[in-house]
Amino acid sequence: MFSTMASLPEGSISFGKPYIPEIQADRFAIPLEKSPFLCVSKGETVEKVKVERELLESSWREVDFSVQEALVDSVTSYKPSCDSVSEARVLLLGPVGAGKSSFISSVHSVFTGRVTNRAMVGTSSTSFTQKFQSFPIRRRGESGDQPTAVVLCDAMGLGTGDMTGLTLHDVLAVIKGHAPEGHKFSPDQALRAETVGYVKKPSAREKIHCVAFVVDATKIDSYGKGMGFTFQQLRQHISDLGVHQVALLTHVDQICPETAHDITKVYRSRLVQHAMEKAAALLGMSMSYIVPVKNYSCELDVDEHTNTLLLCAVQHILQYVELYFQDLTEPRVSQSGFSDALCRSTSVGLAKTA
Ligand SMILES: Nc1nc2c(ncn2[C@@H]2O[C@H](COP(=O)(O)OP(=O)(O)OP(=O)(O)O)[C@@H](O)[C@H]2O)c(=O)[nH]1
Ligand SMILES: [Mg+2]
């Protein structure tokens with residue numbers, strides 16, 4: 001069932017508010033390293049916040065940053081446990097500019113060994129990505145490309161105003177496998193049986209097997225209730241289709257200078273930890289579903305540690321893909337009680353209410 005997150009613990013850092021060392025000290029057992037000021041975007045303004053004792057003494061999640069090659073091998077050798085499916089299809093879903101396309105491009109870069117914008121990345125007030133596009137991840141080696149069983153699917157961003165962004169109806173149509181490759185989304189033209197290329201009876205291999213929500217750590221305070229409601233609606237309906245969801249917190253390099261300088265400190269960063277707590281509250285999911293990533297944005301070369309964190313995110317996603325395949329062999333119990341008919345009748349709600 002769709003869970004709601006408890007309110008944030010007392011003493012949480014709220015970006016833009018004064019820092020309270022005593023409460024933090026109780027909670028996180030510091031003293032810790034010091035760092036200077038942090039610029040945090042809040043709505044349209046950027047505030048300068050003094051941040052002391054930014055790093056925890058030890059990581060709160062263990063990541064071995066020296067196992068990049070082993071992780072690449074592990075993802076390359078992954079095979080779906082479901083006989084009728086040869087590739088895991090993962091849909092990236094999130095607000096405009098959150099870093100969906102960047103994540104796809106970054107994972108592609110990990111496997112090709114150089115930074116490339118495979119999925120087109122851009123900046124726009126409405127979604128830069130307009131089409132539904134699947135990107136099979138291939139490993140580049142000396143003897144040519146080697147396919148992996150991972151396909152990352154890009155889609156339009158979720159909007160925050162009337163008739164902007166992806167609608168609930170279209171999200172569900174994509175997840176059910178009805179969307180033709182290259183379909184151009186249009187909030188006032190729902191994806192339906194008459195749409196050119198509409199996949200009428202999608203097989204298990206054409207459906208989406210896991211949804212990865214993508215949220216931007218620098219905007220976590222400014223998404224607002226509308227976006228929270230959008231996520232709640234989405235999570236209820238997607239859960240009802242039996243599709244598991246995880247979340248990626250992007251732009252962690254932009255909220256924590258220590259992490260920007262050294263990505264291996266990501267799980268020692270209190271700022272990242274707090275942003276993850278806020279992401280959990282926004283998405284209505286437990287923190288255990290959420291992983292931080294730093295996408296390639298301005299770099300020309302890949303970096304082993306950044307790659308490792310991206311590969312950990314892919315592995316995290318694949319665990320939930322496997323849960324979906326396991327569930328396929330067992331009868332699915334409706335979780336929210338929403339019927340397909342109800343989904344259709346509320347299909348225009350998402351863009352309007354977001
Ligand atoms: N520093 C930094 N920049 C990022 C990160 N992820 C994405 N970006 C930047 O954020 C901007 C938007 O990224 P996109 O990947 O296009 O975002 P999107 O979610 O696909 O956006 P739409 O297609 O418009 O919905 C680009 O300028 C990226 O370079 C990150 O982890 N760190
Ligand atoms: Mg995009």
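Q: At what angle do helix 2 and helix 9 pack?
A: About 35 degrees, with the axes of helix 2 (residues 68-76) and helix 9 running 9 Å apart. Axes are lines fitted to C-alpha atoms, for helices over the stretch in contact, and angles run from 0 to 180 degrees between N-to-C directions. Helices (H or I, at least four residues) and strands (E, at least two) are DSSP runs, numbered from the N terminus.

Q: What is the ground rule for this model?
A: The model is predicted, so local features need pLDDT of at least 70 and side-chain atom pairs count only at pLDDT 80 or more, while totals for chains, interfaces and linings use all residues. Residues are numbered from 1 along each chain as its sequence is written, and chains are lettered from A and ligands numbered from 1 in the order in which they are written.

Q: Back to the helix pair. Left-handed or right-handed crossing?
A: Helix 2 passes helix 9 in a left-handed crossing. That word applies if the near helix is turned anticlockwise from the far one by less than a right angle; clockwise is right-handed.

Q: Which residues meet there?
A: Helix 2 brings Gln68, Leu71, Val72, Ser74 and Val75, and helix 9 brings Glu304, Asn307, Thr308, Leu311, Val314 and Gln315. Two residues are in contact if their C-beta atoms, placed from the backbone, lie within 7 Å.

Q: How do the residues of that contact divide by type?
A: Five are nonpolar, five polar and one charged. Ala, Val, Leu, Ile, Met, Phe, Trp, Tyr, Cys and Pro count as nonpolar, Asp, Glu, Lys and Arg as charged, and the others, Gly among them, as polar.

Q: How far does helix 9 reach?
A: Helix 9 (residues 304-328) has 25 residues and spans 36 Å from first C-alpha to last, close to the expected 36 Å. The expected span is 1.5 Å times one less than the number of residues.

Q: Which of its residues are buried?
A: Among them are Thr306, Leu309, Leu310, Ala313, Ile317, Leu318, Val321 and Tyr324 in helix 9. Buried needs 20 or more other C-beta atoms within 10 Å of the residue's own, exposed is 12 or fewer, and partly exposed lies in between, with C-beta atoms placed from the backbone.

Q: What about the largest nonpolar core? Which residues touch the most other members?
A: Ala212, Ala247 and Ala279, out of 79 residues. Helix 9 gives this core its largest share, nine residues. A nonpolar core is a set of buried Ala, Val, Leu, Ile, Met, Phe, Trp, Tyr and Cys residues joined through C-beta atoms within 7 Å.

Q: What does Ala212 contact?
A: Beyond its neighbours within four places in sequence, Ala212 contacts Val90, Leu92, Val246, Ala247, Leu248 and Ile317.

Q: And Val214, buried or exposed?
A: Buried, because 25 other C-beta atoms lie within 10 Å of Val214. Val214 sits in strand 6 (residues 210-216). Its contacts, again leaving out neighbours within four places, include Leu92, Ala98, Lys100, Phe103 and Thr250.

Q: New topic, helix 8. Why is it called largely enclosed?
A: Twelve of the 14 residues of helix 8 are buried, so the rest of the structure largely encloses it. Arg270, Gln273, His274 and Lys278 are among the buried ones.

Q: Helix 4: how many of its residues are buried?
A: Eight of the eight residues of helix 4 (residues 168-175), so it too is largely enclosed. His169 and Asp170 are among them. Just after helix 4, Gly177 has a positive phi of about 95 degrees.

Q: What is the phi of His251?
A: Positive, about 60 degrees, although His251 is not a glycine. His251 lies in the loop between strand 7 (244-250) and helix 6 (252-255).

Q: Overall, how many helices and strands?
A: Eleven helices and eight strands. Of the 354 residues, 42% count as buried.
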